[in-house]
Structure formats: C-alpha cells, structure tokens
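Please look over the sequence and the coordinates below. The paragraphs that follow go from the chain as a whole to two sites within it.

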Amino acid sequence: IVDVEQNSFNNLAYGLRAIMTYRWFRRIKIQSLTEWSRSKSSGAPNQEEDLYQEARKIGLKFTWDRRDNYFYPHHGFKFVIEPEMVGYLLGGENKYLQLQSSFSSFWNLFGDVVFAHNMNVAIAFKQNSETNIPYAKRFFLGGNSSIRGFDQREVGPAAYKEDGSRGDPLGGDLRLYTNFELRFPIYEILGGSLFLDIGNLWSDIESADLANLEMAIGAGITIDTPI
C-alpha cells in the first residue's frame with residue numbers, strides 16, 4: 001500500500017504513432033495504426049500495472065457510416081470494428097490482443113421523433129493469465145455515453161478501501177453495454193430524450209455473467225447548436 005500523500009509517482013510516456021486513412025466518399029473509412037511507445041517513471045506507483053512498459057502495436061479501424069446526419073441522425077446506421085495487436089511478432093514487453101466494436105442504428109418513428117439503439121462490445125485476449133495489460137490501456141465503463149447514472153468508470157471491478165467502500169476502478173478485459181434512446185423535439189433548438197442503458201465490465205472473460213448486468217434509466221436534454 002502506497003501513501004499517496006507522502007509519495008509521488010510520475011510516469012512520462014513517449015513514442016511514435018503513424019496513421020494512414022482511406023476514405024470512400026462519406027460512407028466508408030479505413031484507418032491503419034502503427035505505434036511504438038515506452039515510458040520513464042519515478043516514485044512509487046499505487047500498482048505495478050501503473051507502469052506503462054514498452055508497447056509495439058498495430059491496429060485497424062473500419063467504419064461504415066450510413067447515417068443521414070452526423071450529429072442528429074433520423075435514420076441509418078454506423079458500424080465500427082477496431083482490432084489491435086500488441087507485441088507477439090512485433091516484439092516488446094507486452095503481448096495481448098484487443099477488439100472493440102459498436103453498432104448504432106436509428107429509426108425515424110414520425111416527425112422528428114427518433115428511436116436510437118447502440119451495441120458496444122470490447123474484449124481483450126492475453127498471452128497468459130499472468131499478462132498485465134497496462135492500466136491506461138484497459139477497458140472501463142460508466143458515465144456519459146456508456147452507462148449513464150453511474151460516475152465515470154464506476155461500473156466494473158474496483159479496489160476497495162479498508163472501510164469497505166469502493167476505491168479506484170481496476171478496468172477489465174471484457175466490456176458489454178447497450179443503449180436504447182427515444183429522442184424528440186421540445187422547442188426550437190431544445191430536444192429531449194428518454195434512455196435505458198444496460199451493461200457491465202468484467203476483469204476477464206471467464207468471470208463474465210449476464211446476470212450481473214447493471215441498468216440505468218433516465219432522461220436528458222439536448223441543444224442543437226451550429227457547432
């Protein structure tokens with residue numbers, strides 16, 4: 001246990017990243033990513049996983065966007081899939097695979113009333129159970145644009161304090177959540193929404209249990225601005 005009030009921890013990450021993008025009109029976008037990075041640290045970290053070791057990564061991001069509007073779509077869909085590989089044939093200290101994917105669809109019920117649905121899945125495969133994915137690269141869940149009604153990163157595994165209260169989030173290897181939202185106009189640039197968010201985050205694939213899904217129900221207000 002590190003007393004953060006008496007010990008400081010600094011982690012300086014540096015590296016190179018190259019991104020190549022191919023776009024076919026507005027609908028299709030393919031991005032390739034090549035990255036090398038490592039870090040220098042001083043002080044005592046709270047966890048060993050806070051240290052960001054050398055990472056050599058390649059990735060691909062495919063986006064298929066059939067929405068009629070970027071910001072306030074009435075119909076159409078958007079599909080994104082993003083596989084990444086760290087280490088293995090690239091070398092380096094870390095060896096793991098990550099896959100993130102999302103599918104959002106929109107239905108114009110009548111007038112400007114829209115029903116929207118989003119499904120998001122993220123999964124990590126490690127070389128073995130002893131592999132620690134760096135803290136900054138793990139999946140987290142909770143907060144705006146994921147499971148609303150929870151604080152940022154509040155959903156999923158966490159360290160617990162001596163009094164039994166929830167401490168810092170630990171992140172996980174499997175993230176699953178879905179959003180249902182009914183959007184409607186209120187007055188001029190003001191709009192409203194009713195939403196239902198369901199999902200959870202697990203430390204590993206083996207511990208996943210759909211019976212442990214969290215849920216949030218609520219309402220929101222949107223403002224349609226020129227930007």
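Among contacts between residues at least 6 apart in sequence, 55% join residues at least 24 apart. The model is a predicted one. The chain contains eleven strands and zero helices, so that its pattern along the sequence reads β-β-β-β-β-β-β-β-β-β-β.

Next come burial and surface. Of the 227 residues in the chain, 34% are buried. The accessible surface amounts to about 14,000 Å², and carbon and sulfur atoms account for 57% of that area.

The largest nonpolar core consists of 13 residues. Phe139, Leu141 and Ile147 have the most contacts inside this core.

Glycine 87 sits between β4 (76–86) and β5 (96–110). Is glycine 87 buried or exposed? Its relative accessibility is 0%, and because buried means under 20% relative accessible area, glycine 87 counts as buried. Which residues is glycine 87 in contact with, leaving aside its neighbours within four places in sequence? They are Arg56, Asn94 and Lys95. For arginine 56, the separation from glycine 87 is 31 residues in sequence, while the C-alpha to C-alpha distance is 5.5 Å.

How values were computed. Residues are numbered from 1 along each chain as its sequence is written. This is a predicted model: local features need pLDDT of at least 70, side-chain atom pairs count only at pLDDT 80 or more; totals for chains, interfaces and linings use all residues. Side-chain values use heavy atoms; hydrogens and water are left out. Helices (H or I, at least four residues) and strands (E, at least two) are DSSP runs, numbered from the N terminus. Buried means under 20% relative accessible area, exposed over 50%, partly exposed in between (1.4 Å probe, protein chains only). Contact means heavy atoms within 4.5 Å. A nonpolar core is a set of buried Ala, Val, Leu, Ile, Met, Phe, Trp, Tyr and Cys residues joined through side-chain atoms within 4.5 Å. Accessible areas come from the Shrake-Rupley method with a 1.4 Å probe; for residues, only the protein chains shown count as cover.
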